[in-house]
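Reader: Hi! Please walk me through this one, starting wherever you like.

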Amino acid sequence: MTETREKLVERLPAPLHPLIDIAYNFRWSWSEEAQSLFEDIDATLWVESRENPVRMLLDLGPRRMFQLAEKQDFLVRLQSAHEDLNRYMSTPGAFGSVYPKNTPRVAYFSAEFAIAKSLRVFSGGLGVLAGDHLKSASDLDLPLVGVGLLYKEGYFTQEIDENGQQHATYRQLKPHRLPISLATSEGGKPLKVKLFIEDREVTVQAWKVQVGRIPLLLLDTDIEENSAEDRQITDRLYGGDRKHRLLQEMVLGIGGMKLLSQWLGDQAVGALHLNEGHAAFAAIERARQFAKKDGSSFNEALNKSRGSVVFTTHTPVPAGHDYFDIPLLQAHIYSYLKSSDIEWGEFLNLGQKEQGSTESFCMTVLAVRTSAQRNGVSKLHGQVSREMWQGLWPEERRADNIPIGFVTNGVHMPTWVSRPMGQLYKKAVGPRWPEIGGEAGIWKHLFSIPNNELWAARNRNRAALIQRVRESLIKQMARHGESSEEALEVLSPDALTIVFARRFATYKRATLLLSDEDRLMKLLNDKDRPVQFVFAGKAHPADEPGQEFIRKLHEFGEQKGTKNKFIFLENYDVEIARALVQGADVWLNTPRRPYEASGTSGMKASGNGGLNLSILDGWWAEAWTDHNALDISIGWAIPGTTDEADSATLYNILEKEVVPTFFDRNEEGIPEEWLGMVKSNLSQLTAYFSTHRMVAEYSHIYYGPALRAFQRSF
Ligand SMILES: *Cc1c(COP(=O)(O)O)cnc(C)c1O
């Protein structure tokens, strides 16, 4: 047992001990029952701890503890939540029989994972996808293990000043106050591995995070054995220079593969899934292990390993692909290669588009050449990726024949769906909706939900969003020395609420809406049919144009005619995202096609009964053509051409369709046509755009064949 866990056992009265089990398994992050239990222990501490149950229990005063230990209704709920966790862990899921016990595992490598707000080792969509992947793998009962990095300072926290300027600050993450523990060897000692970087050895340890049934290892170099400089390799996510990034990727790929083999045994890792190119060195280290085991050459081993490596590429934006200059790479990886009997020239060939040239080494190319199954993250992105990487198959004339497929992204619905909507799903679909939500047939039952109940749930969600926005603004205003009373005037519970929240990468065109301020002003100031907007998102600290977008939106919202109706909310993270996707009536997305590989926030809004108004790019292009068969529309689509044409279409749709439909009410004040669209949307999209469907597809198309290839190779 870890020190912290022991401390909690000592501190808490015995009747509360089941709380410790619940806290240390992140299953609580998608269990409504467990979360409401934590909230009721101490609502303020729960928020102050940033929804970290271990920190809350460590800080809980003795009076409250003993009070709870005698509160019968609380103890009954605690027991029920504990039993629910035990039932969850011991009942086989849908894939429990497909993969017999002791099947080798799929090791899922990712530079970021978003599991819960307090475990800040993510920046955005890639991390959310990875976290949701693990959660669905757990629900479905797939043999998976996650590998990532424990960044002590995580990604930055965003503060917006009076002028709309973004400020990035970093907070220290304290692993000993989180529900995680050091991965240990059989003797109980922390597991450690060494890898060569330049010509020194760097030691790596790992923190184990339990995500339902799935273990996740987060690697960490901040230990005594290492020099001060090496201790900082795992300090920040996307926060350093090229060298810093290279060292992180060596630790993730090489260190991760070494640690995994030690922890599980080398026969226990059957396949690799590289979530983006960041971890592609793992495929090199795996081939090295294969070669060492059976005495083959590195090349032979690589040929053997390839069949069980899956690579998912995530972006058509060139800056999203990692390139390293040759001298930088050579200086840092040479000793590792030498000690592994891998020839430098052979290695270099794996990462250059044009072999034998002087061009930089590309991690995407490395991932493509060391894997046998590769995919993009939506139908459209699969096609874009085949065209983008066609040059890697010079003998192939037709892009259609390039061996890159697609698995469309999804979201883990039980994590993202609000309580009021979850209650409706329970009634219409059944209490097991969180587990079986990937099955297409079940969601047609949503049409049985009475309109007044659906509308009531939507209203509650919108009210909760407004409440959350105000709380955040109160903090922001206090920092600026302003009175917080004004924050209570912000947003109206009856207005049509449109949200734009995502990373402020410029291709997402956050300011497209500002292209016609007169029309925007009219929408905002219509007394009978009021519309309001909430914006949120971080721009990378080095992205000046992205930060300029934030300033512009902030400034626009400061005018007399927009005040309290056009809000920029600071520090977009998973918890704020949850409030926004749950409360939005309309989820707006305006990427420049085809740069949005998939997008997932719109799926979260959709699963909560919000409607999408989006460019036909990524997932929405697919939803629109393949999942839109009923007479009632699922939302609104903008074709995606020029900025001018797109913004004109956006305004036309808002004025002629979105606003009139939302405010067309029956005698009870219910927008029947609108709710018809909500039901059409929910019934057709929810199963498909869930990670349950996505993970099942990975299993059928890639993991199954990969694991068989692994078993054949020995
Ligand atoms: C879902 C999510 C994202 C990804 O959203 P996109 O639609 O892909 O831009 C990014 N950040 C957070 C915090 C999220 O919850």
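Author: Happy to! Let's begin with R242, which is partly exposed, at a relative accessible area of 36%. Buried here means under 20% relative accessible area, exposed means over 50%, and partly exposed is in between (1.4 Å probe, protein chains only).

Reader: Thanks! Before we go on, what should I know about the model and the numbering?

Author: This is a predicted model, so local features need pLDDT of at least 70 and side-chain atom pairs count only at pLDDT 80 or more, while totals for chains, interfaces and linings use all residues. Residues are numbered from 1 along each chain as its sequence is written, and side-chain values use heavy atoms, with hydrogens and water left out.

Reader: Good. Which side chain meets R242 in a salt bridge?

Author: The partner of R242 is D322, at 3.0 Å from N to O. D322 sits in the loop between β10 (309-312) and β11 (323-324) and R242 in helix α10 (residues 242-264), so this pair ties together parts that are 80 residues apart in sequence. A salt bridge means a side-chain nitrogen of Lys or Arg within 4 Å of a carboxyl oxygen of Asp or Glu. Helices (H or I, at least four residues) and strands (E, at least two) are DSSP runs, numbered from the N terminus.

Reader: And is D322 buried or exposed?

Author: D322 is buried, with a relative accessible area of 7%.

Reader: How many salt bridges does the structure hold?

Author: It holds 43. Another one joins R245 and E249, at 3.6 Å from N to O. Both of these residues lie in helix α10, four residues apart, or about one turn of the helix. R245 counts as buried at 19% relative accessibility, and E249 counts as buried at 2%.

Reader: Nice. Which residue does R462 pair with?

Author: R462 meets D585 in a salt bridge of 2.9 Å, N to O. This pair links distant parts of the chain, with R462 in helix α20 (residues 451-479) and D585 in the loop between α23 and β18 (586-589), 123 residues apart. Salt bridges that share partners also join K117, R468, D573 and E575 into one network.

Reader: How accessible are R462 and D585?

Author: R462 is buried at 2% relative accessibility, and D585 is buried with a relative accessible area of 0%.

Reader: Changing topic: how many residues surround the ligand?

Author: There are 14, and the closest are K508, A577, T600, S601 and K604. Near means that a heavy atom of the residue lies within 4 Å of the molecule. By class, the shell has five nonpolar, five polar and four charged residues. Here Ala, Val, Leu, Ile, Met, Phe, Trp, Tyr, Cys and Pro count as nonpolar, Asp, Glu, Lys and Arg as charged, and the others, Gly among them, as polar.

Reader: Which helices each supply at least two residues of that shell?

Author: Those are α8 (125-140), α23 (574-583) and α24 (601-607).

Reader: And how far is an oxygen atom of the ligand from the side chain of K508?

Author: An N or O atom in the K508 side chain is 3.0 Å from a ligand oxygen. A backbone N or O atom of T600 lies 3.2 Å from an oxygen atom of the ligand, and a polar side-chain atom of K604 lies 2.6 Å from one. The protein covers 94% of the 390 Å² of accessible area that the ligand has on its own. Accessible areas come from the Shrake-Rupley method with a 1.4 Å probe; for residues, only the protein chains shown count as cover.

Conventions:
Polar contact = N/O pair within 3.5 Å; in protein donor to acceptor, adjacent residues only side chain to side chain.
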